[in-house]
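Subject: Handover of a structure

Dear colleague,

Please find below the structure that I am passing on to you.

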Amino acid sequence: MNIGRKLANVVRLAVSYIILIVLAVAALYPALWILLASFRPGKSLYSKTLIPEHFTLAHYKELFTSPVYMFGTWYANTLKIAVFSMLIGVVLTLLTSYALSRFRFKSRKTTMSTLLILGMFPGFMSMIAIYLLLKEFNLLDTHLALIIVYAAGAPLGGTLIAKGFLDTIPRSLDEAARIDGASNFGIFARIILPLSRPMITYMALTQFVGPWVDFIFAKLVLRTKENWTVAVGMWDMVNSQQNTNFTLFAAGAVMISVPIMILFGFLQRMLVDGLTAGASKG
Amino acid sequence: MQRHRTRAAILSTIFMGLGQIYNRQFIKGLIFLAVEALSLIYFVNKLGRAFWGIFTLGDSPSRLEKVKGIAKMVPGDHSIVILIESLITLMFFAIILIAWYMNIRDAYKTGAEREAGLESNTFKQTVRYILDYKFAQSFLILPGMGILFFTIMPIIFMIMLAFTNFAAPDHIPPAKLVDWVGFETFRNLLFLKSWSHTFYGVLTWTIVWAVLSTVTTYFGGLLVALLVNQRGIRFKGFWRIILIVPYAVPQMISLLLMRNLFNGQFGPINQYLGYFGMGSLPWLTDPFWAKVTVIIVNMWVGIPVSMLLIMGVLTTIPRDMYEAAEVDGATNYQKFRIITLPMVLFSTAPTLIMQFAGNINNFNAIYLLTGGNPVNGNYQYAGSTDLLVTWLYKLTADQNKNNMASAIGIILFIIVAGFSLYNYRRTKSFKEEDMIQ
């Protein structure tokens, strides 16, 4: 009986480990494949082996030096847009969710439902209108336009999740501070902000990643090549020369993914807290 | 005795801010005065044209005209630009109307206070009052303006488009004018054979896709989370980090990457199938296999998020429940069915439903991977894996059938929004939020 149970346990663990290893390979393989492809000489998608016969950094060099691919410029553009839209977007989202979580006022529930519904509208449906609006204000082909649009859109996506998180911060803390004479701003800055670090991290990261991967809207607004973001550039690379220069695409993909993955790695703990606390509270 | 309040209110009605000045609130009054002056300057030229524009959508198309005997192309009205300019003006107008109403109400209230023998608030006191009691509303103004102009205005615009004939080839400005046509677009979409066949076909696949992709990622995530969380598995943190790698790779990159991996001719997946002696599969080119591929790839992208979420929930399930079950002699399977599954489902149900709604609109997963292809000859401008979202994108971006795209967008929006609103209103965090603490 005892031996039987032990054996069953060993079998269970062995099977679990095998499945885990298979899953790990499936999770890592594509990332590894593109990483290795970026070091492979030549241009083609096809290669006989996973690990290239010899390694080269030529594609990375080409990315940053070639006059056709202004990858360095695109990279700087994207970084700039990402940082600013992240800052403004996070502030706006926090303000909205703080107001909705802590204050009771007329039409509050309507506001929340409206936010939810508006978030459901397919984003690019509004592109033509936004395009014309930006044209009206002479903002086409500027980074400011992208920053405004990304930041203005941030409260739509993040408010309800952030509000769910703020709801979990005990109200008694606010009240204690209020008795001690803190104003609404004081409570926000001294109590809410420090306690919602995981949430802020989560929001900041999603906001930051947005401009790196959004190509539809960026493509519409940014007309000249010097103003492009990396996403537009990469999309153009894949679309205009289908597979003819795959290794270069791979190098670009690595250049975009690595910083984001490092950020994820550093912020993993906070991210998990923010994600679960904000979303799972039914 | 009603003199102060009526007088102040009437003065404010005549010109914003006069009532406030009458009430001796000079700074507030001047601010209101300035607002009205500025808006008068803005509206004097624009308001009439805005009303004209929204009703007629312009009345003169581009045409040849003889100027001093030489034929010349004269640009006509650009209906779409006129529509959106009118819309923007009318929205500003609505804001000013609201400000005007608030200004009258404020003058009336302050007047009433004066009648009751109170001093009217100084400017400083007003600011303090707003910060203390109207904090939430004034906080919401800034994000509210952003949402108004970058979300609500475009939505109204798109809804209006569905009721026009803004479509190639006959009604594309600036060469031609656009007109209001009422519900004709919807009628064509739902009942005209050529359109309705595509519409119902794409709609069916959209729903199938949303159900399959949500179920696979959710239960996939649940299984992986349970697998890692088993008693006796070592290096839990290590496994978790490896398994969330797909989540950390930016979605656009991973989808473009998958497109190459599954490439029928040169992609490594078919290459490996070849090593095992199997023929290559038409991953992206056969209608059936393309659907399988998008589901598989979506699992790769989506499972890590579900896994993280469920792992978080698993840690909140009280240990003693399991211990009690063990005392009663429950097997592992029973423990899973009676404790784990209900607990996880209960606390992630809202997320699950949001994911479902999100998948209906999952543009990237389809567009970046297959582009909606392979082409389906029976469809109007749609491929076999096209969702309603990608189809409407193609209709606007490639075909210029803007009114049709807007109509589809509205229908899609009603489905998704109705669904999630119903769900959200039922969740605890909406109904009983004040009871949590």
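This is a predicted model: local features need pLDDT of at least 70, side-chain atom pairs count only at pLDDT 80 or more; totals for chains, interfaces and linings use all residues.

Chain A: overall form

Chain A contains 12 helices and 0 strands. Its pattern along the sequence is accordingly α-α-α-α-α-α-α-α-α-α-α-α. The radius of gyration of chain A is 24 Å, whereas the globule rule gives 19 Å for 282 residues; the chain is therefore more spread out than a compact globule. The C-alpha trace of chain A spans about 80 × 70 × 30 Å along its principal axes. Of its 282 residues, 46% count as buried. Considering contacts in chain A between residues at least 6 apart in sequence, 76% join residues at least 24 apart.

Chain A: domains

The domain assignment divides chain A into domain 1 (2-59) and domain 2 (69-279). The C-alpha centres of these two domains of chain A are 33 Å apart. In the contact between them, 10 residues of domain 1 of chain A meet 10 residues of domain 2 of chain A. On the domain 1 side, α1(A) supplies the largest share, with 4 residues. By class, that side of domain 1 of chain A comprises 4 nonpolar, 4 polar and 2 charged residues.

Chain A: annotated transmembrane regions

The unreviewed UniProt entry annotates "transmembrane region" at residues 12-36, 81-100, 112-134, 146-166, 187-205 and 246-267 of chain A. I looked at two of these spans in the model. Residues 12-36 of chain A are 100% helix and 0% strand, with end C-alpha atoms 35 Å apart. Residues 187-205 of chain A are 95% helix and 0% strand, and there the end C-alpha atoms are 25 Å apart.

Chain B

Chain B is likewise divided into domain 1 (3-182) and domain 2 (193-435). Taken over C-alpha atoms, the centres of these domains of chain B are separated by 43 Å. Their contact takes 10 residues from domain 1 of chain B and 10 residues from domain 2 of chain B. The domain 1 side of this contact in chain B has 8 nonpolar, 2 polar and no charged residues.

For chain B, the unreviewed UniProt entry places "transmembrane region" at residues 26-44, 80-101, 139-163, 199-226, 238-258, 288-317, 338-358 and 404-422. Among them, residues 80-101 of chain B are 100% helix and 0% strand, and their end C-alpha atoms lie 31 Å apart. Residues 139-163 of chain B are 92% helix and 0% strand, with end C-alpha atoms 36 Å apart.

The contact between chains A and B

In the contact between the chains, 67 residues of chain A meet 76 residues of chain B. On the chain A side, at least two residues each come from α1 (2-38), α3 (71-102), α4 (108-119), α5 (127-136), α6 (143-167), α9 (197-213), α11 (230-240) and α12 (246-279). Of these, α1(A) gives the most, with 13 residues. The chain A side divides into 50 nonpolar, 13 polar and 4 charged residues.

With kind regards

Note on methods:
Residues are numbered from 1 along each chain as its sequence is written. Chains are lettered from A and ligands numbered from 1 in the order in which they are written. UniProt positions are given in the numbering used here, feature names are shortened, and annotations may be inferred rather than shown by experiment. Two residues are in contact if their C-beta atoms, placed from the backbone, lie within 7 Å. Ala, Val, Leu, Ile, Met, Phe, Trp, Tyr, Cys and Pro count as nonpolar, Asp, Glu, Lys and Arg as charged, and the others, Gly among them, as polar. The radius of gyration is taken over C-alpha atoms; the globule rule is 2.2 Å times the number of residues to the power 0.38. A residue is buried if 20 or more other C-beta atoms lie within 10 Å of its own, exposed if 12 or fewer, and partly exposed in between; C-beta atoms are placed from the backbone. Domain bounds come from an automatic or database domain assignment.
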